[in-house]
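Student: Can we go through this structure together? I'd like plain answers.

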Amino acid sequence: MTRATLTTTMTAILVVFAVSDLAAQLPDPGMQIDPSRTALVITDPQNDFLSPDGVTWGVVGASVTENNTVENIEALLQTAKQNGIEVFISPHYYYPTDHGWQFEGALEVLMHHIGMFDRTGPLSLEGFEGSGADWLEIYKPFINDGETIVVSPHKVYGPETNDLVLQLRKRGIDKVILAGMSANLCVEAHMRELLEQGFEVAVVKDATAAARVPEGDGYEAALVNFRYMANAVWTTSEVVETVLASN
Amino acid sequence: MATPETYNEMLPNPGFDVERGKTAVVITDPQRDFLSEDGVVWQVVGPSVEANNTVENLRRLLTAAHEAKIPVFISPHYYYPHDHQWNFGGALEKMMHAVGMFDRQGALTTEGFGGSGADWHEPLKELIDREDVVIASPHKVYGPESNDLVLQLRKRGIDKVILAGMSANLCVEAHLRELTEQGFEVSVVKDATAGAQLPGGDFYQAALLNFRMIASAVMTTDEATGAIEKA
């Protein structure tokens, strides 16, 4: 073995050990909150996910109840409003024309089939009030306050199909506190896309929830990816304390 | 209403037909840092790579695609010295940068590249280093948002993707999600990928749950190569 090969081998061995070491001590990059650059983004705070009458309550209800998701999202909205943090909502709506799509993934087919988030049209609010697509009642005072930015609807899971990224950038936001429904689908899709678009993202792990299905727990799957991908994973009370502390 | 009892009956298998001229095989990160025993993350992904027989399955998938003249696209992961000057990164990004994963010396130099962690895994080289394989520019986080993969697929009229590579819940799932958002039909080959086992969870299991929900089809290598041969 030449000296160069030996050095390379030794480096490789050291690096492999370093990974094992790092796996045990995964860095926690954290996220500093600067209120002028930070927004609260909530995905799908809608009846079909969060109301016992919603079409997915049978699979998400247990997780929503255990995490205290409904109240935690409310606490986030309240804290953001009281502290001058801008609030953005990324909703999920399907219009009749969306049901003309020629293909979908498995869960998309299911969502279309059960009429989740259905609206009668992009320019009609007929039947919207109190429907599965409408906001959960207790969030309406926060969302309908004339200040909250409601972006156009996303159409699959992520913000690639709406104007969320543009709206954030237009207001100089580059740090996002993310919560909403559901953990491994729209929340994770928003986390992933915002990271790719160069935002810092902190996910609020108890202000979300997910479906429990025979293949597994969507919430547990999401927690794994939040921890390894996001800049920070916080609880609602940590956000409340951090935001208050920054002001 | 969907309930845990009705979910399995209600969740369909939309399926995926391999249509010649519209379908491509896309492989993410078929690189030594993931797939070689001296790669920097072998210790955490090795058991999953071995259990799934990932390398052999990638060989079979690529071979079937080449024999059937189904186009192959590779989306690699490289970091250049300027990438290490980023102001912030997520937890795993920080770790990848710290261990020098996928490092190259620069965008316009291949010095030190041959046999490095960023290079193709040796058993896959002959199936990738061909004139008919499209190598997209490197992605820089996990998904194809930061490279030209979508453009390259569209320029060749591709709207259906058979997806495999490394690693399951990170770059493969990120590619599944972004291609789905961009209007592609995507099937994932679940045993031609693998994921890390780390404190906090089994990445491969997390990915399987999301593949099943998000993709049009989740196939084994046997099923994927069979569908390619029949197309």
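Tutor: Two strands pair if DSSP finds at least two bridges between them. Helices (H or I, at least four residues) and strands (E, at least two) are DSSP runs, numbered from the N terminus. This is a predicted model, where local features need pLDDT of at least 70, side-chain atom pairs count only at pLDDT 80 or more, and totals for chains, interfaces and linings use all residues. Residues are numbered from 1 along each chain as its sequence is written, while chains are lettered from A and ligands numbered from 1 in the order in which they are written.

Student: OK. How many bridges join β1 of chain B to β4(B)?

Tutor: Six, and the two strands run parallel; β1 covers residues 23–28 of chain B. One of the bridges links Thr28(B) to Gly165(B) in β4(B).

Student: And what is the strand order in the open sheet of chain B?

Tutor: The order is β3-β2-β1-β4-β5-β8, six strands with parallel pairing. β3 (133–135) and β8 (217–219) of chain B are at the edges, each with a single partner strand, so one side of each has no neighbour in the sheet. From one strand to the next, the twist averages 25°.

Student: Back to β4(B). Is Lys160(B) buried or exposed?

Tutor: Lys160(B), which lies in strand β4 (residues 160–165) of chain B, is buried, because 20 other C-beta atoms lie within 10 Å. The cut-offs are 20 or more for buried and 12 or fewer for exposed, with partly exposed in between; C-beta atoms are placed from the backbone.

Student: What is Lys160(B) in contact with?

Tutor: Leaving aside neighbours within four places in sequence, Lys160(B) contacts Phe16(B), Glu19(B), Lys22(B), Thr23(B), Phe184(B) and Glu185(B). Contact means that the C-beta atoms, placed from the backbone, lie within 7 Å.

Student: New topic. How many residues does each chain give to the contact between A and B?

Tutor: Chain B gives 53 residues and chain A gives 52. On the chain B side, the largest share comes from α9(B), with eight residues. That side divides into 29 nonpolar, 17 polar and seven charged residues. Here Ala, Val, Leu, Ile, Met, Phe, Trp, Tyr, Cys and Pro count as nonpolar, Asp, Glu, Lys and Arg as charged, and the others, Gly among them, as polar.

Student: What about chain A itself, how many helices and strands?

Tutor: Chain A has 10 helices and eight strands. Of the 247 residues in chain A, 49% are buried.

Terms used:
Two residues are in contact if their C-beta atoms, placed from the backbone, lie within 7 Å. Axes are lines fitted to C-alpha atoms, for helices over the stretch in contact, and angles run from 0 to 180 degrees between N-to-C directions.
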